[in-house]
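Subject: Structure handover

Hi,

Here is the structure I promised you. Please open it first, then read my notes below.

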Amino acid sequence: MATVVELSPTSEQCEFVLGLPVNKKTPPRKVPSLCSMRYSIAFIAHICNFTLIAQNSIISITMVAMVNNTDQPSHLNSSTEWFPDGLNGDQHEASKHLSIKAPVYNWSPQTQGIIFSSVQYGMMLMQGPGGYLAGKLGTKKVVGIALLGSSLLTLCIPLAANLGLAFLLATRAVQGLTQGAGYGGQFALWQKWAPPNERSRLCSIAMSGMILGIFAVLLVGGIISEALGWPFVFYIFGSIGVVCCLLWLILVYDDPVSHPWISSPEKEYILSSLDQQFNSEEQPLPIKAMLKSLPLWSMCLCSMTHQWLVNTLIIYTPTYISSVFKVNIRDNGLLSSLPFFVAWVIGILGGLLADFLLSKNFRLITVRKIITILGNTPPAALVVALPYVQSSYIATTTFLTLSCGLSPLCQSGVYINALDIAPRYASLLMGTSRGLAHSSAVMVPIVAGFFLNQDSEFGWRNFFFVLFAINLFGLIIYLVFAKADIQEWARERKLTRL
């Protein structure tokens with residue numbers, strides 16, 4: 001008869017991690033990072049995130065070429081009515097040139113807004129379930145299928161647009177579901193691949209791909225549309241996604257134990273570092289305890305308020321530059337892409353900074369809070385200051401670049417806090433928190449439209465003050481209630497059968 005015996009932490013010298021025995025008395029021997037398999041996987045995840053965010057956002061760039069500007073003014077979002085006449089003239093000339101190479105449509109600004117938002121609801125809804133499915137079925141399958149689905153749907157968008165608005169909206173909605181599953185599902189990787197002292201840098205490398213994707217779309221989307229026609233932007237990024245999917249399915253495995261090409265020293269190092277994560281029997285989700293957990297709620301709230309800042313920068317940087325400096329659309333793209341390149345670099349460096357502080361014996365919760373403060377307060381303060389320096393071209397560009405550049409530091413702070421407080425449920429919790437945070441992508445244009453439609457000059461100032469207040473509120477809640485130790489409801493019972 002099987003008897004369940006609970007072992008105390010000191011009753012055994014050897015424990016099982018991911019199904020393999022690991023001697024706890026032997027300290028893990030660090031394996032060189034360069035060319036290691038865990039960093040290769042982080043780089044592949046970086047490329048996949050690059051592809052997903054590019055596929056998500058390219059229609060915002062191609063919309064200028066897709067819309068017949070003779071009949072309807074082009075609106076990239078709810079507040080682009082503030083584009084100056086000179087810019088609209090440039091868009092009109094560009095559209096006449098591009099219509100020779102590709103079809104154009106008579107979509108009203110309201111219709112364009114529906115097209116933009118149609119992908120966001122699926123993104124918001126599927127990140128949590130994507131993380132849960134990855135924990136059950138494996139990250140390799142969930143993210144691989146999601147990336148392939150998003151890429152094939154990207155290739156189909158020009159055809160869907162030709163078939164009619166309903167087909168385009170349906171394609172974008174389903175694409176949002178696949179992208180949400182791809183974003184949420186990837187976090188399960190770091191439960192089994194990231195040693196605690198390297199989690200910050202590995203996660204920051206992976207997630208920085210999103211920022212690079214935005215930079216690439218802003219930089220080359222208009223160039224491709226002008227040279228080849230807007231459908232080729234979708235064809236190129238869709239094809240890139242198919243190639244990335246093949247790389248993912250070939251090179252990525254759910255854990256070090258199943259990877260055929262990982263070296264034995266690296267496998268031993270990872271497993272020894274993860275000696276608190278056991279391959280125990282299935283246990284039900286502690287939903288009630290999760291709902292009562294203040295550290296978990298503070299993490300979710302701070303993620304959402306920070307995403308409010310991030311989505312404001314992504315959506316309204318081109319609009320603000322245009323409304324203040326009246327530059328043409330090509331220069332606008334170059335100016336708008338610069339902050340995201342800086343953000344990509346700082347996002348990766350932020351992970352190194354967090355792990356460096358940990359190596360200097362800073363407490364883990366202290367590091368998470370320091371990094372989160374740096375990614376929230378200075379960027380929000382710089383955004384609030386923008387209306388007061390708009391007379392200076394250099395100052396405005398510098399403030400935008402610094403604000404956008406510093407905000408990704410939170411990738412090594414609040415966004416990976418779930419790996420600290422509940423490692424066995426990290427994929428579900430990180431996906432859910434990112435899904436809740438993504439709701440800001442829907443709310444930001446609504447709030448911005450309310451302020452900007454009332455008054456151009458004071459609208460930006462009031463909108464930025466609201467942003468600062470929301471951002472500060474989430475940060476204060478996080479600083480008060482955040483934890484970095486494993487919560488009681490997330491602990492596993494170490495069981496063996498005799």
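Helix H1 (residues 37–66) packs against helix H7 (residues 199–228) at an angle of about 35°. Their axes are 6 Å apart. Axes here are lines fitted to C-alpha atoms, for helices over the stretch in contact, and angles run from 0 to 180 degrees between N-to-C directions. Helices (H or I, at least four residues) and strands (E, at least two) are DSSP runs, numbered from the N terminus. H1 passes H7 in a right-handed crossing. A crossing is right-handed if the near helix is turned clockwise from the far one by less than a right angle, and left-handed if anticlockwise. The residues of this H1 and H7 contact divide into 19 nonpolar, 10 polar and 2 charged. Ala, Val, Leu, Ile, Met, Phe, Trp, Tyr, Cys and Pro count as nonpolar, Asp, Glu, Lys and Arg as charged, and the others, Gly among them, as polar.

A word on the source. This is a predicted model: local features need pLDDT of at least 70, side-chain atom pairs count only at pLDDT 80 or more, and totals for chains, interfaces and linings use all residues. Residues are numbered from 1 along each chain as its sequence is written, and side-chain values use heavy atoms, with hydrogens and water left out.

Now the whole chain. It has 18 helices and 4 strands. Of its 498 residues, 55% are buried. Buried means under 20% relative accessible area, exposed over 50%, and partly exposed in between (1.4 Å probe, protein chains only). Take the contacts between residues at least 6 apart in sequence: 85% join residues at least 24 apart. Contact means heavy atoms within 4.5 Å.

Next, the cores. A nonpolar core is a set of buried Ala, Val, Leu, Ile, Met, Phe, Trp, Tyr and Cys residues joined through side-chain atoms within 4.5 Å. The largest one has 107 residues. Met-66, Trp-107, Trp-190 and Phe-463 have the most contacts inside it. H1 gives the largest share of this core, 16 residues. Domain 1 (35–69 + 105–278) and domain 2 (286–497) both contribute residues, so the core lies between them. The domain bounds come from an automatic or database domain assignment. Another core, of 6 residues, lies apart from it and includes Ala-354, Leu-357, Ile-371 and Leu-409.

- Ser-40 lies in helix H1. It is partly exposed, at 32% relative accessible area. Ser-40 and Leu-202 are 162 residues apart in sequence, yet 9.8 Å apart in space, C-alpha to C-alpha.
- Gln-191 sits in helix H6 (residues 189–193). It counts as buried, at 8% relative accessibility. From Gln-191 to Ala-422 is 231 residues in sequence and 9.7 Å in space, C-alpha to C-alpha.
- Thr-319 is in helix H11 (residues 294–325). It is buried, with a relative accessible area of 1%.
- Asn-361 is in the loop between helix H12 (329–359) and helix H13 (364–385). Its phi is positive, about 70°, although it is not a glycine. Asn-361 is exposed, at 72%.
- Leu-436 belongs to helix H16 (residues 426–437). It is partly exposed, at 39%. Leaving aside neighbours within four places in sequence, Leu-436 is in contact with Cys-300 and Met-304.

Best wishes
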